[in-house]
Amino acid sequence: MYILGINAYHGDAAAALIKDGRIVAAVEEERFNRIKHCAGFPVRSIEYCLKAAGIGIEEIEQVGISRDPSAHLHKKVLMSVQRAAKEIVRRRAIAPDNPKLRVITEEDAERVAAVASEPNGNGHAPGILQQVADRLRNAARVRDLDDELATALGISKTKLRARFHNIEHHRAHLASSFFVSPFDRAALLSLDGFGDFISTMWAVGAGNSIKVLGQVEYPHSLGIAYTATTQFLGFPHYGDEGKVMGLAPYGQPRFIEAFRDIVRTEPNGQFRLNLDYFRHAAEGVEMTWNDGSPLIGQIYSDKYARAFGAPRAPADALTDRDRDLAASLQLRLEEVAFHILNQLHRETGLSELGLSGGVAYNSVMNGKILLNTPFRRIFVQPAAGDSGTAVGVCYQIWNQLLNQSRGEVMEGAYTGPEFTDDDIVAELKRAGLSFETHSDHGVTQRAARDIAAGAVVGWFQGRMEFGPRALGNRSIVVDPRRADMKDVLNQRIKKREPFRPFAPSILAEHVGDYFEQEHPAPTMLMVYQIKPERREEIPAVTHVDGTGRLQTVTLAANPRYYQLIEEFYRLTGVPVVLNTSFNENEPIVCTPRDAIDCFLKTQIDVLYLGNQIVRRN
Ligand SMILES: [Fe+2]
C-alpha cells in the first residue's frame, strides 16, 4: 500500500511516500524550486515521490496533510474573534457550539475578505481582518486537499482514488519522532512554534500507537519566543534562529531573570509567555505561507524593546548586549525544555525520548538533555521541523489509523533524488567541463588526499538528504585541523556570519576519543563538548565554547562517506572532517546541475560527482 504525506502552506513544504510501511522518498520543495524554506503546495516534491516509486497518483491509497483545520477550531475562531472580528460573528450569527463552525469554505473566506475591505465600516483595523481572511483561505485549501492535489498535478479529481486525511500538526510531528525511531516504547515531545493552535505536545508511544499526555496552546510558544528575539537581534529571515544559537556562547546570560519573566514555567510541564512582550496574541502578526519563503512580521512588542533597548538592525555590528541576549534566551530555552522533559519522564517512567518540532533543531539544547534529565536514549527526527511532518503523516496513517506493525527506522535521512554516473557525465559534458572517472575506492582515496592537502572539496554522492543538514551526500568537506578553514569557507563560498561554527563528521567508533558524550548523533542534531585535549587538533570545528555539532558516521548509514573519513584518518590520524552543506546562500544543491553551478560560482577547488572528479584549472 502506498501512502503519500504532505506538508503544505507552512514553512518547508514537503512530501513523503511510503510503501507497506517503508520509506520510498521524502523531500523538501525548496530543493526543486530553489526558494529557501518555500511554503505553498509541494507539487514537485509529490511528482518526485511518485517517480521514485515508479507509480502514478492513482496508485496512492491514502493521502494525508499535517494540518487539521477542524482541530481546536473552537479556540482558533475564538481568538480571531476576540481579537478582531466580533462583527463577523454577528453577521454570521455563529456560536462556538454551532456545528456550522466546523465547515470552512472559500465562500466564508471571501465573506470575511469582503468585510475586511469595507473601509472602516466595522471599527476594526482592516489589516487584522485581512489576516483572519487569509487564515480562513489557508484553512480551506488544507481542507480541500483533493482539489488542491488534482489542480497541482493537472489531473481530473476522478483520477484520485485515495482516502484523504487531515492529521493534526503536532500528532504528525510526534508520529515522525516515534514510528521511525528504534524504540518500542518512548516518551515523545514536539517542541515547536505553532501548528493547529498548539505549540508543544507531549505523549507516550508504545508499539504502533501514540497517546497524547499534554500540550501547551498558542499563543504560548517557545518557538515564538525564540523567533521574536531572533528578529530583535536583527536576523529577520525564516530559519534564522540557528544564528542566535551560534551567537549565544559568545555572551553571558545576564538577562536571564528578564527571560524567566518572559517565559514562565508552571506545574505539570506547562509554561506561559508573558504576552506583554509580544504582539502575536494582542495584535496578530502578518504571516505569509504562499509560494515563496515564509514571511513573519514583527513578533516582539514595544515593551520588549523598552526592556532591552533599540532592536539591532541587520547591518549593525553585534554588541555585548546582543550576545548577552542570545545567551539569556538560549539558557531560558534549555531551562524550560528540561522542565517539560523532566515532567514527561515523571509521567512515563521511560528512558527513551523521541523529539520533533522546529525547536528540536536547537542542537545545543538537544546535546544537554542527557545531562539534565533522566532520559538515556534520544531519537531526533532528522527533519524535526515542518517538512518532517510529511513523514509523520504517512506513519500516523499506517501505524496509528490502519493499525499496521512497525518496520522502518530512519538511521539517516537519505531519501531524496539520486543520479546515475550517466546523468552526471551528461551534465558535465553539457557544462563543457573536463573530468576524470575513477573507481569507488579511487574516489574516496583521492578526495581524502585533497582534503588533507587543504583543498575545499565539493562532495556529491547518492541520495540527497531530507531535513536541513547535509550528511555527506550533498556536502562541502575540508580539513578540520586547519584553523583558517572557517575563514577560507566564509570568504570563498559560504559568506556566513563569522561567529557561526562549522561542524565535524566523525567515525562513530571514535566519538568517545573526541567528545565528552558518546550518544549517537547521526543527523547532526546534537552539540557536545569536545574533550579539552582534542580542541587544538580540530580547531576549525571547535566552537568558542569548546563544543561541536557532530555527525556520527557509521558504515551502515553511509558507506561512501564513512570510507572517505576512514581514508582521511589513515592519512592524518584524525577520524574527523569538517562537513558543511553544499550550497552558497541558497537551498542545498539537489541535482548535478545545481552542484556544477555552485562549483562554477564559488571557489570550491575540486568537485566529486559520483565517480567523476572535476578540478578547478
Ligand atoms: Fe511544526
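The structure is a predicted model, in which local features need pLDDT of at least 70 and side-chain atom pairs count only at pLDDT 80 or more, while totals for chains, interfaces and linings use all residues. Residues are numbered from 1 along each chain as its sequence is written, and side-chain values use heavy atoms, with hydrogens and water left out. The protein has 21 helices and 23 strands, these being DSSP runs numbered from the N terminus (helices H or I, at least four residues; strands E, at least two).

**Overall**

- Of the 617 residues, 60% count as buried, where buried means under 20% relative accessible area, exposed over 50%, and partly exposed in between (1.4 Å probe, protein chains only).
- Among contacts with a separation of 6 or more, 71% come from residues 24 or more positions apart; contact means heavy atoms within 4.5 Å.

**Helices H16 and H21**

- Helix H16 (residues 421-430) packs with helix H21 (residues 592-601) at about 40 degrees, and their axes are 9 Å apart.
- Axes are lines fitted to C-alpha atoms, for helices over the stretch in contact, and angles run from 0 to 180 degrees between N-to-C directions.
- H16 and H21 are therefore oblique to each other.
- The crossing of H16 past H21 is right-handed; a crossing is right-handed if the near helix is turned clockwise from the far one by less than a right angle, and left-handed if anticlockwise.
- H16 contributes Ile424, Glu427 and Leu428 to the contact, and H21 contributes Pro592, Arg593 and Ile596.
- These contact residues of H16 and H21 comprise four nonpolar, no polar and two charged.
- In this grouping Ala, Val, Leu, Ile, Met, Phe, Trp, Tyr, Cys and Pro count as nonpolar, Asp, Glu, Lys and Arg as charged, and the others, Gly among them, as polar.

**Leu428**

- Leu428 lies in helix H16 and counts as buried because its relative accessibility is 0%.
- Leaving aside residues up to four places away in sequence, Leu428 touches Leu433, Phe435, Ile596, Leu609, Gln612 and Val614.
- The C-alpha atoms of Leu428 and Pro592 are 8.2 Å apart in space, although 164 residues separate the two in sequence.

**Helices H8 and H15**

- Helix H8 (residues 169-178) and helix H15 (residues 389-401) pack at about 85 degrees, with axes 7 Å apart.
- That angle makes H8 roughly perpendicular to H15.
- On the H8 side the contact is made by His169, Arg171, Ala172, His173, Ala175 and Ser176, and on the H15 side by Thr389, Gly392, Val393 and Gln396.
- The contact of H8 with H15 divides into three nonpolar, six polar and one charged residue.

**Salt bridges**

- The count comes to 35 salt bridges, each being a side-chain nitrogen of Lys or Arg within 4 Å of a carboxyl oxygen of Asp or Glu.
- Arg31 and Glu30 form a salt bridge (2.9 Å, N to O), and both residues are buried.
- Arg321 and Asp322 likewise meet through their side chains in a salt bridge (2.9 Å, N to O), and both of these residues are buried.
- Asp261 and Arg264 form a salt bridge in which the closest N and O atoms are 2.6 Å apart.
- Asp261 counts as partly exposed because its relative accessibility is 27%, and Arg264 counts as partly exposed at 38%.
- A network of salt bridges links Asp240, Lys243, Glu497 and Arg500.

Terms used:
Angles under 35 degrees count as roughly parallel, over 145 as roughly antiparallel, 65 to 115 as roughly perpendicular and the rest as oblique.
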